[in-house]
Amino acid sequence: MQESGFLTDVKTLRERARRHIEQGAVTEGYQADRKLVLKLLNEALATEIVCVLRYRRHHFMANGINAQAVADEFLQHANEEQTHADQIAGRIVQLGGEPNLSPDGLLTRSHSEYIEGETLFEMIREDLVAERIAIDSYKEMIQYFGTKDPTTRRMIEGVLAVEEEHAEELATLLEHYDQTQTPYAGSVSLHQMNQDALPGHKERQK
Ligand SMILES: [Fe+2]
Ligand SMILES: [Fe+2]
């Protein structure tokens with residue numbers, strides 16, 4: 001291979017691109033360990049799917065206890081996690097892999113947990129914990145992708161930014177919530193919370 005400085009010459013680039021053309025976006029210049037990247041992405045995919053399921057459960061349960069604004073927030077997060085899952089699945093296919101969407105072993109592949117929570121406070125807290133797990137694991141993935149796979153890195157960076165927003169919103173919700181009150185019994189406090197809280201929620205609805 002002829003290289004001038006750190007750039008590969010055009011002729012070599014063209015020859016390389018023609019070899020193994022069936023590998024699509026994965027060229028000979030792909031520097032990451034593709035197998036490992038696919039494994040990491042399938043773990044991220046499972047993490048997102050578990051988050052979709054947990055947030056959706058929380059959405060319907062919060063609706064049941066008449067906490068509309070919080071229920072809306074859960075639904076919005078669920079939909080954003082689904083968008084992440086779709087982005088990740090798309091990238092897996094682009095890299096020549098297969099998205100693992102099998103329910104078998106989903107929780108083992110996922111980094112975050114599926115905890116239902118009995119009260120609204122517990123739901124918010126468990127969602128916050130799950131976001132914090134996702135934030136840490138995505139940061140590690142970003143570190144690994146580095147310059148070896150910048151496209152995947154940028155995608156996960158975008159996902160990470162949204163998880164950080166989610167965590168921030170949940171932390172704000174928790175601050176507004178008095179955990180000593182039982183939401184199932186204390187609908188007055190929930191009503192009050194719907195009136196007072198959720199600045200982030202209101203902003204994003206504009
Ligand atoms: Fe997500
Ligand atoms: Fe999230």
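Reader: What spacing do the donor residues of the iron ion (ligand 2) have in sequence?
Author: They follow E-x49-E-x31-E-x2-H. Donors here are N, O and S atoms within 2.8 Å of the metal (3.2 Å for Na, K and Ca), and water is not among the atoms, so sites may look incomplete. This is a predicted model: local features need pLDDT of at least 70 and side-chain atom pairs pLDDT 80 or more, while totals for chains, interfaces and linings use all residues. Residues are numbered from 1 along each chain as written, chains are lettered from A and ligands numbered from 1 in the order written, and side-chain values use heavy atoms, without hydrogens or water.

Reader: Which atoms are the protein donors of ligand 2?
Author: E81 (OE), E131 (OE), E131 (OE), E163 (OE) and H166 (ND1), lying 2.0 to 2.3 Å from the iron ion (ligand 2). E81 is in helix α3 (residues 68–94) and H166 in helix α6, so this pair ties together parts 85 residues apart in sequence. Helices are DSSP runs (H or I, at least four residues), numbered from the N terminus.

Reader: How far apart are the two iron ions, and which residue coordinates both?
Author: They are 4.0 Å apart, and E81 coordinates both.

Reader: And what coordinates ligand 1?
Author: E48 (OE), E48 (OE), E81 (OE), H84 (ND1) and E163 (OE), at 1.9 to 2.6 Å. Along the chain, the donors of the iron ion (ligand 1) are spaced E-x32-E-x2-H-x78-E. E48 in helix α2 (residues 34–64) and E163 in helix α6 are 115 residues apart, a pair that links distant parts of the chain.

Reader: Switching to packing. At what angle do α5 and α6 cross?
Author: Roughly 155°, with the axes of α5 and helix α6 (residues 150–175) coming within 9 Å. Axes are lines fitted to C-alpha atoms over the stretch in contact, and angles run from 0 to 180 degrees between N-to-C directions. That makes α5 roughly antiparallel to α6 (the term is for angles over 145 degrees). The residues of their contact divide into 15 nonpolar, two polar and eight charged.

Reader: Which residues line the largest cavity?
Author: R54, E113, I115, E126, V129, A130 and I133. A cavity is a set of points on a 1 Å grid over the protein atoms alone where a 1.4 Å probe fits but cannot get out, and lining residues have an atom within 4 Å of a point.

Reader: Where does the largest share of that lining come from?
Author: Helix α5 (residues 120–145), with four residues.

Technical notes: 1 Å grid on protein atoms, 1.4 Å probe; cavity = no way out; pocket = protein on both sides within 12 Å on 5 of 7 lines; lining within 4 Å. Helix = DSSP H or I, 4+ residues; strand = E, 2+ residues; numbered from the N terminus. Parallel < 35°, antiparallel > 145°, perpendicular 65-115°, else oblique. Nonpolar A, V, L, I, M, F, W, Y, C, P; charged D, E, K, R; others polar.
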